[in-house]
Structures are given as C-alpha cells and as structure tokens.
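Please have the sequence and the model open while reading.

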Amino acid sequence: MTREKSIPKDSGFSEFVSGSEVVPEGLHERVRMELEARMKPSFFKVLGSLLKAQIILGALTLLVCPQFGIGPLGGGDGLMGWVESYGHLVCGTWCGSIFVGLNVLYARFFLPLDDRNAIRSGPLLPYGVLGVISFLLMLIVSLMWNGSVPHLHPEFVGAWLFSFLLLPLVGLRFGFRRGIPE
C-alpha cells in the first residue's frame with residue numbers, strides 16, 4: 001500500500017506543474033550566465049579572495065616570526081632564531097610554510113565552494129602569483145621599515161617561494177578529494 005503525499009491546492013505548485021508558460025529566452029540566458037559565473041569564478045576573483053586573507057593572516061605570522069626583517073611582536077628573532085640554525089634552506093621553507101599555511105587552512109575551510117573548486121583544479125597558478133606578490137610586498141615593506149632586506153639569500157628566497165607552491169598543492173589539491181561538508 002503506497003501513501004502519496006498530497007500537495008495543498010493553495011500552494012501554487014499544481015498550477016506551476018500544469019502551466020504552459022514559457023520562460024523568456026533573456027531570463028533563461030541570464031540565469032545560465034549567473035550560474036556559470038558562480039561555478040567558474042575568474043582567476044582574479046579567486047586571487048583577490050586569497051590576497052585579502054593573506055594580508056590579514058600573513059600579518060598574524062609576523063607576530064611570532066620575522067620575515068625579511070619584519071616582526072615579531074616584542075622584537076628579537078621569534079621562532080626564526082631556532083630555525084635559522086639549520087640553514088637558509090630550512091629557514092626559508094619553515095617561514096614560507098608558516099606564512100602561506102594559514103592561508104591554505106583558510107581557503108580549505110572558509111572560502112566559498114566555487115572558489116575552493118577553482119583552486120583545487122589548479123592551485124599552482126593562484127598560489128604562485130600570491131607568493132610573488134607577497135614576496136614583493138615583504139621586500140618593499142622591509143626596505144621602508146628597515147632600509148634593508150635581511151635574509152635575502154638565494155636559498156632562503158627559493159625555499160620561501162617554493163613553499164607557496166608545495167604546501168597549497170598538498171593541502172588543497174589532494175585534501176579536497178575527501179570533500180568538505182557544507
């Protein structure tokens with residue numbers, strides 16, 4: 001015995017289903033374009049979201065670890081004093097990973113689903129550009145703040161920038177396959 005749920009007559013659904021009105025082509029096209037824009041955000045929209053987060057979250061990392069002579073809160077070397085003893089390569093990897101790591105976590109859990117999907121499909125370009133922008137901003141701020149740019153060793157810079165590619169690739173590309181509950 002099957003039980004069918006009845007739809008109240010005043011709901012308008014029956015009228016909608018039995019109606020023969022055609023959706024205007026202009027409306028149909030606008031809805032399609034809106035859905036497409038939301039499902040495939042532009043590179044600059046995604047980069048803008050990441051950049052906004054990087055400015056805030058990257059500044060927080062400067063509270064505990066100096067980057068290019070900027071930070072930490074209270075002066076001193078912060079965490080860098082301990083990591084620096086392992087060499088420029090390790091120090092650059094550590095600092096770059098910390099600097100971009102918070103952004104990756106933010107993107108993984110807080111960006112809208114369409115932005116996350118766009119990043120997941122190709123994290124190297126947006127995070128590579130974000131790394132270059134962050135690096136240039138750090139250089140400019142360091143020059144303005146200190147008049148020089150400490151820790152500008154090729155190994156440090158290379159490892160720092162490499163972190164902007166490797167960490168997002170691992171943290172976003174492969175991490176999204178399990179899905180995130182909305």
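Helix H5 has 23 residues, and at 1.5 Å a residue these should span 33 Å; the end C-alpha atoms of H5 are 33 Å apart, so the two values agree. The expected span is taken as 1.5 Å times one less than the number of residues in the helix. Helices here are DSSP runs of H or I with at least four residues, numbered from the N terminus. This is a predicted model, in which local features need pLDDT of at least 70 and side-chain atom pairs count only at pLDDT 80 or more, while totals for chains, interfaces and linings use all residues. Residues are numbered from 1 along each chain as its sequence is written, and side-chain values use heavy atoms, with hydrogens and water left out.

H5 has a kink of about 30 degrees centred on Val100. The bend at a residue is the angle between two fitted axes, one for the seven residues ending there and one for the seven starting there. Val100 is also among the buried residues of H5, a list including Cys91, Cys95, Phe99, Val104 and Arg108. Buried means under 20% relative accessible area, exposed means over 50%, and partly exposed lies in between (1.4 Å probe, protein chains only).

Where do the buried nonpolar residues gather? The largest nonpolar core has 26 residues, and those with the most contacts inside it are Leu50, Cys95, Ile119, Tyr127 and Trp160. Such a core is a set of buried Ala, Val, Leu, Ile, Met, Phe, Trp, Tyr and Cys residues joined through side-chain atoms within 4.5 Å. At least two residues of this core come from each of H3, helix H4 (80-83), H5, helix H7 (124-146) and helix H8 (154-174). H5 supplies the largest share, 6 residues. In soluble globular proteins, nonpolar side chains tend to be buried together.

A nonpolar patch of about 970 Å² is made by Ile55, Ile56, Leu60, Leu63, Val64, Leu102, Leu105, Tyr106, Phe109 and Phe110. For such a patch, residues must have over 30% relative accessible area and no salt bridge, and nonpolar side chains (Val, Leu, Ile, Met, Phe, Trp, Tyr) are joined within 5 Å, whereas like charges are joined within 9 Å. Helix H3 (43-61) and helix H5 (88-110) are the elements that give two or more residues to the patch, and H5 gives the largest share, 5 residues. One of the patch residues, Phe109, lies in H5 and counts as partly exposed because its relative accessibility is 48%.

The charged contacts come next. The structure holds 3 salt bridges, each a side-chain nitrogen of Lys or Arg within 4 Å of a carboxyl oxygen of Asp or Glu. One joins Arg32 to Glu29 at 2.5 Å, N to O. These two residues are 3 apart in helix H2 (residues 25-39), so about one helical turn separates them. Arg32 also forms a salt bridge with Glu36, with the closest N and O atoms 3.0 Å apart; this pair lies in H2 as well, 4 residues apart. Arg32 is partly exposed at 35%, as are Glu29 at 29% and Glu36 at 43%.

Another salt bridge is formed by Asp115 and Lys45, with the closest N and O atoms 2.9 Å apart. This pair links distant parts of the chain, Asp115 being in helix H6 (residues 113-121) and Lys45 in helix H3, 70 residues apart. Asp115 counts as buried because its relative accessibility is 0%, whereas Lys45, at 39%, counts as partly exposed.

Methods. Areas by Shrake-Rupley, 256 points an atom, 1.4 Å probe, with all protein chains shown as cover.
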